[in-house]
Amino acid sequence: MGYHGPMRVGLNAHLLSLTSSYRGAGISRYIWNLINHLGRVSQSERYVLFLGDPKVASTLMPDDCFGLRLSSLPTVRPLLRILWEQLLQPLALLQEHIDVLHSLGYVQPILCASRSVVTVHDLSFLLYPRIFNRLNRLYLSVFTYLSTRRADKVIAVSENTKRDLIRLLNVPADKIVVIGHGVEESFRPLAESEVAAFRERQGLPAAFILFVGTLEPRKNISTLLKAYAQLRRESHLPHKLVIAGAKGWLYERIFTQARELGLQDDVLFPGYIALDQLPLWYNCADLFVYPSLYEGFGFPPLEAMACGTPLVCSQASSLPEVVGEVGVLVDPLAVEEWAGAMVKVLSEPALRWELRQKGLARARLFSWEGTARRTLEAYRSLGSGVAASR
């Protein structure tokens, strides 16, 4: 069986957010970039974006390829989003004559008349259950399991996430397709004059180490603070530490630990940084550090490489897939190794230059256009099994 007319793809974009918080980070960026590139790689399909936030919908312009369907429920509230996904979405799929539904964040409706694709970003709720509240953990655990069972294709954002899906949820390997993320073109080396002007406007220190990520236990900022304290004790390097990111959950300990280590004058917490400002921060930094315990993919190391910023990164989970042999990879819990790696990179200009050049080359392997093309291939692979009833 085949299609009568263009294939109609439904995209559940209810997690798309414009807020200056962790909700506007990872998954939201994935949705935004995928939407913006699908129409560029092919004009043959028709997409319906399912949204729940009128403010988000007002920023998206429907065209010949894309249409919008706004929920009557305020699905920025998690419980109402769940109700919409499971009770109202199946009806909406029928009304919109959807051939393939792509659920962009873990969960699809249990009752789904169309073929379906679901993206799983990571399984941190199974591996690190203590950092999730009980209801959120239960919801993700149950519905991700059911969704990966019922979906025709499961997109994993890294080989590591694919291994986790097989090991923890028993998802058949032949159902999973690995499609990594891209990096926006705005992440690039910037002119020295532009960087210097930004540094002056922001009042940034002349030399600093940068971390970017949501402030939460999984990012392992505790190890970074201990390693930085050791760097301050054992070297004469002048570098401050900038820990940038929105407050997530269980973040209070980070600020307390910085005070207990006597680092209150050396560690800066600028908070959430808007996406359009991030390239400037990377360009200003002498070194980017990312000690995360677990990532489904890991945007910040890729962004740092694209900006030409030398990198010291955790060797955990998917991060070696992103970084390759470009950065200095370290055991995420080895405080002395972190301190030593930071001192080594900051003390050796030749090493920093080498890491910069390799990072720029590595980052060019990742593009959102490539992500969109491979995602479109996943949709089209289901085409022969869709009833052409329209």
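I began with helix 3 (residues 78–95), whose 18 residues should span 26 Å at 1.5 Å a residue, and its end C-alpha atoms lie 24 Å apart, which agrees; the expected span is 1.5 Å times one less than the number of residues. Helices (H or I, at least four residues) and strands (E, at least two) are DSSP runs numbered from the N terminus.

I noted that the model is predicted, that local features need pLDDT of at least 70 and side-chain atom pairs pLDDT 80 or more, while totals for chains, interfaces and linings use all residues. Residues are numbered from 1 along each chain as its sequence is written, and side-chain values use heavy atoms, leaving out hydrogens and water.

I then looked for a bend in helix 3 and found a kink of about 50 degrees at Leu88, shortly before the proline Pro90; the bend is the angle between axes fitted to the seven residues ending at a residue and the seven starting there. Among the buried residues of helix 3 I listed Leu80, Trp84 and Pro90, where buried means under 20% relative accessible area with a 1.4 Å probe, protein chains only. Their cover includes strand 1 (8–12) and helix 5 (134–150). After helix 3 comes His97, with a positive phi near 55 degrees.

Turning to the sheet, I found six strands in the order 10-9-8-11-12-13, open and with parallel pairing, where two strands pair if DSSP finds at least two bridges between them. Strand 10 (267–271) and strand 13 (328–330) are the edges, each pairing on one side only. Strand 8 (residues 208–212) is joined to strand 9 (residues 240–244) by five bridges, and Phe211 has Ile243 of strand 9 as its bridge partner.

Key. Buried means under 20% relative accessible area, exposed over 50%, partly exposed in between (1.4 Å probe, protein chains only). Contact means heavy atoms within 4.5 Å.
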